[in-house]
Protein chains: 2
Amino acid sequence: MAIPVETFFLDPDAQGTLQAQIQQMIAEGILSGRLAKGERLPSSRRLAAHLGVSRITVTLAYTELQANDYLTARDRSGFFVSQNAPEPPRFAPRHPKQDRIDWSRALGRRFTGGATPEKPQDWSRYPYPFIYGQADPRLFDHANWRHCALRALGQKDFQALTTDYYDQDDPQLIEFIARHTLPRRGILAEPDEILVTMGAQNALWLTAQVLLTQRRTAVVEDPCYHALRDILTQSRCHLTAVPVDHDGLPPGALPERADVIFTTPSHQCPTNATMPLARRKALLARAAEMEALIVEDDYEFEMSFLAAPSPSLKSLDRDGRVIYVGSFSKSIFPGLRLGYLVGPRPFIREARALRASVLRHPPGHIQRTAAYFLGLGHYDSLIRRMSGVLAARREAMEAALAEHGLRVAGRGVFGGSSIWMRASEGADMEAVDHALRVRGVLIEPGAPFFHGEAPPRNFYRLAYSSIPAAKIPAGIALIARELALSRQAGWP
Amino acid sequence: MAIPVETFFLDPDAQGTLQAQIQQMIAEGILSGRLAKGERLPSSRRLAAHLGVSRITVTLAYTELQANDYLTARDRSGFFVSQNAPEPPRFAPRHPKQDRIDWSRALGRRFTGGATPEKPQDWSRYPYPFIYGQADPRLFDHANWRHCALRALGQKDFQALTTDYYDQDDPQLIEFIARHTLPRRGILAEPDEILVTMGAQNALWLTAQVLLTQRRTAVVEDPCYHALRDILTQSRCHLTAVPVDHDGLPPGALPERADVIFTTPSHQCPTNATMPLARRKALLARAAEMEALIVEDDYEFEMSFLAAPSPSLKSLDRDGRVIYVGSFSKSIFPGLRLGYLVGPRPFIREARALRASVLRHPPGHIQRTAAYFLGLGHYDSLIRRMSGVLAARREAMEAALAEHGLRVAGRGVFGGSSIWMRASEGADMEAVDHALRVRGVLIEPGAPFFHGEAPPRNFYRLAYSSIPAAKIPAGIALIARELALSRQAGWP
């Protein structure tokens with residue numbers, strides 16, 4: 001491809017002759033890596049017209065650059081970036097301009113430095129990825145997703161693809177969620193009680209902005225999803241962390257007062273505890289006493305391959321107290337970024353207005369593709385297939401963990417895709433994680449899930465959503481060996 | 001499709017016999033519209049197993065519902081929702097539950113009630129849509145977009161499609177923006193100075209959150225993009241509106257001090273003024289004096305069919321003072337929700353962390369599809385084709401406006417897709433808009449673009465991005481007639 005003439009600009013403040021400026025502009029383009037070897041430059045006629053200089057000036061600049069081996073000329077086809085041109089440095093040079101801004105002062109708010117750990121982008125290259133929440137190419141129904149995406153790209157769906165929905169959603173997806181997805185969780189909702197979001201992350205974020213202020217108090221489970229804690233910390237509300245037990249969040253341990261309680265009753269994150277029905281009712285009653293709202297993150301309810309999922313907390317709610325967060329990102333694939341909020345109209349109205357201000361709406365094409373994938377039954381088949389595979393992996397996990405005597409701290413009674421683990425006191429699972437990466441094993445250290453300055457460092461999570469059953473025994477053996485080595489070394 | 005058995009739940013607190021509860025559950029499903037006529041119910045055996053009741057109880061409930069014409073039985077194939085079942089009410093009944101929450105108290109913040117006007121979702125049904133920012137099916141390159149989307153759905157791109165990028169973006173799209181898009185605007189940027197956003201809306205929103213607080217002051221142009229004013233109002237910063245003139249924002253009219261200046265130099269929104277080079281330099285100098293940052297919204301620079309676009313403000317910036325907002329949503333299609341931010345690293349780092357908290361990242365599939373569309377040159381061809389069509393439409397607009405003596409308040413000298421109009425003093429363009437809708441004409445009343453409590457009501461915007469040239473004369477004639485009628489009636 002020829003380099004488009006529009007990408008060349010002369011600096012209006014530059015010094016020197018026009019010819020020198022043109023030479024410098026091109027040489028800098030090559031040195032910065034912007035112009036690659038072998039690419040064709042615009043003809044001298046075109047570049048001259050574009051820059052408003054005479055053609056001879058450009059020709060002289062090109063010829064000079066050729067003499068310096070930045071460019072080569074080929075008969076009749078013009079000038080190209082030379083194969084012998086100076087290499088752009090491995091690390092690109094800084095801009096000639098200076099940054100004169102005092103960013104420590106200019107930034108009004110900071111959002112970096114949260115609890116959410118950095119995760120390896122290249123997780124799929126590890127042979128033993130016990131990593132949570134990534135898609136497994138062996139499980140995903142690529143063919144049917146492609147088929148649905150193609151259908152949603154058709155002429156009939158042109159408007160669903162291209163239109164600015166303003167603050168609305170794809171009515172076809174909303175209808176499917178209302179009629180088919182939510183009833184499975186015992187929830188009845190009208191279309192204007194549902195808002196499509198960019199994954200559960202976005203649903204939790206919107207909820208926190210609408211319900212919390214600096215004067216309000218939120219309760220989180222301890223441990224809990226680290227990204228939720230980042231969201232709440234950024235909202236600057238008061239934060240009370242309540243330790244969970246084997247049945248999840250204990251209503252008796254809730255503080256005197258709170259405005260919003262964030263909970264994962266079906267499947268506590270990360271311990272996998274399922275809250276029994278009696279405790280769900282007690283939690284609702286306690287919230288009513290406190291006049292608190294409850295945000296129920298019902299992630300992974302579909303992964304119930306060992307027992308039927310219990311009805312959601314929202315299905316027991318008679319007061320309009322529970323705001324429900326659902327997600328397709330986990331069960332279809334995380335790059336999809338598609339989830340939803342269900343709640344009373346006054347709440348959904350504000351969340352919708354905020355979403356419109358932040359991003360308008362999730363792309364229409366993705367909403368329509370998901371509507372087809374769900375409506376044609378592919379989603380249900382995918383869940384069934386995943387359940388079978390996850391059940392086999394879970395069995396392999398249990399066997400390998402038992403064989404090596406690794407201690408399980410929490411497992412979902414109905415299924416799920418991960419096991420919460422506890423190493424001996426004194427273990428530092430972040431150090432173990434670093435050592436294991438060298439051996440091709442990825443685990444998730446548990447510390448970021450915990451509240452407070454001195455979180456326990458001996459917990460970790462092992463997910464089996466992305467690792468084939470056949471790899472599990474060897475992977476667990478490597479973990480057990482690394483733990484034994486670290487223990488012998490007296491821990492780090 | 002049969003109604004999945006999982007969508008049925010008995011209320012754990014319900015009164016009455018099990019049979020009565022089952023009847024009620026199904027009747028309510030039909031009355032609420034959740035179960036549609038002709039849909040098949042689960043077999044009595046499956047439903048009984050799912051609910052944990054005896055099969056005869058379900059059979060008795062079904063038979064009773066059949067007697068009441070809620071259900072019909074067909075030999076061997078089971079029970080179906082009857083065609084004679086009671087109609088669900090036109091407006092769905094409220095839930096049996098009561099909303100016991102005082103939402104006036106429970107909402108921490110409100111986001112509704114902004115300046116952004118409600119726009120008709122069904123704009124494409126109007127014969128004369130002088131509406132801004134929607135895709136024209138006649139201009140969009142559907143075939144090649146589909147081709148690129150399909151390629152990005154292939155096995156080779158599986159990871160780009162499905163993966164959770166955490167806080168990162170598709171490297172292929174970032175590289176294209178850095179190497180090909182930004183150089184056209186005279187901008188050199190490294191990948192870590194670029195962040196992909198959910199359209200320009202999301203870019204402006206992220207910028208406001210990072211740079212503004214309740215103690216800081218933002219400058220906006222008056223008039224300006226209403227959604228930007230909503231974003232800044234929600235951020236609770238101090239807001240100073242500076243009236244624009246025929247050259248855009250006048251640096252001399254800036255207040256003594258401000259922290260951030262939002263401007264649209266290439267193409268003022270909505271007046272279409274282009275800021276001359278001398279004023280751009282003066283604006284940069286004034287901002288340096290004030291130690292203010294500048295946010296440059298460079299929307300629609302591609303629509304330069306009458307003259308080449310001037311280099312961006314950012315290309316003149318030697319201090320790292322300008323944050324640049326670009327968008328593909330306008331030029332590809334608005335439902336795409338794809339734009340980008342370019343700025344100094346310390347700023348991009350915070351915007352990236354905030355984006356991760358709000359939504360993680362724009363869907364990978366959309367990023368990759370756009371990267372192909374751009375990289376294969378389809379974007380450039382699309383812009384060339386659009387430019388030709390827009391030039392013809394612009395000519396038709398100018399001719400029709402002149403013929404009917406309608407007064408132009410601002411037109412882009414280099415092109416653009418809309419004309420800013422001024423009716424006589426006393427005209428209320430919202431009333432005229434309502435009257436015109438009945439005649440099939442959509443215009444945009446100008447009042448929401450203005451700052452303050454008593455905005456002028458006699459401005460309006462006429463876009464030609466979605467209306468074919470052949471329809472323009474008749475559409476303008478209808479507008480002129482409606483304006484004349486309103487004037488005769490002494491205005492509203």
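In this predicted model, B:Glu39 and A:Arg179 form a salt bridge. Their closest N and O atoms are 2.8 Å apart. This pair joins two chains. Across the interface of chain B and chain A, six salt bridges are found by the rule. The contact involves 121 residues of chain B and 121 residues of chain A. About 10600 Å² of area is buried between the two chains. Carbon and sulfur atoms give 56% of that area.

Confidence was examined for chain A. Its mean pLDDT is 90. A pLDDT of 70 or more is reached by 97% of its residues. One stretch calls for care. Over residues 90-94 of chain A, pLDDT stays under 50. For this stretch the model has seven contacts beyond four places in sequence. Where pLDDT is low, predicted coordinates should not be read in detail.

In chain B, strand E9 spans residues 322-327. The strand is mostly covered, with six of its six residues buried. In a regular strand, side chains alternate between the two faces of the sheet. In E9(B), B:Val322, B:Tyr324 and B:Gly326 point one way. B:Ile323, B:Val325 and B:Ser327 point the other way. Residues of both sets are buried.

E9(B) pairs with strand E8 (residues 293-297) of chain B in the parallel sense. Four bridges link E8 and E9 of chain B. Here B:Ile294 stands opposite B:Val322. E9(B) also pairs with strand E10 (residues 339-342) of chain B, but these two run antiparallel. Four bridges join E9(B) to E10(B).

Chain A contains an open sheet of four strands. Their order is E11-E12-E15-E14, and the pairing is antiparallel. Strands E11 (408-411) and E14 (444-445) of chain A stand at the edges. Each has a single partner strand, so one side of each is left without a neighbour in the sheet. Further in, E12 (residues 418-422) and E15 (residues 459-463) of chain A pair over five bridges. These two strands are antiparallel. A:Met421 stands opposite A:Tyr460 of E15(A).

A helix accompanies this sheet. Helix H14 of chain A covers residues 378-404. H14(A) lies across E11, E12 and E15 of chain A. The helix runs at about 15 degrees to E12(A).

Key
Residues numbered from 1 in each chain as written. Chains lettered and ligands numbered in written order. Predicted model: local features only at pLDDT ≥ 70, side-chain atom pairs only at ≥ 80, totals over all residues. Heavy atoms only, no water. pLDDT = per-residue confidence, 0-100. Contact = heavy atoms within 4.5 Å. Buried < 20%, exposed > 50% of the residue type's maximum accessible area, 1.4 Å probe, protein only. Pairing = 2+ DSSP bridges. Axes fitted to C-alpha atoms, helices over the stretch in contact; angles between N-to-C directions. Buried area = accessible area lost by both parts, 1.4 Å probe. Salt bridge = Lys/Arg side-chain N within 4 Å of Asp/Glu carboxyl O.
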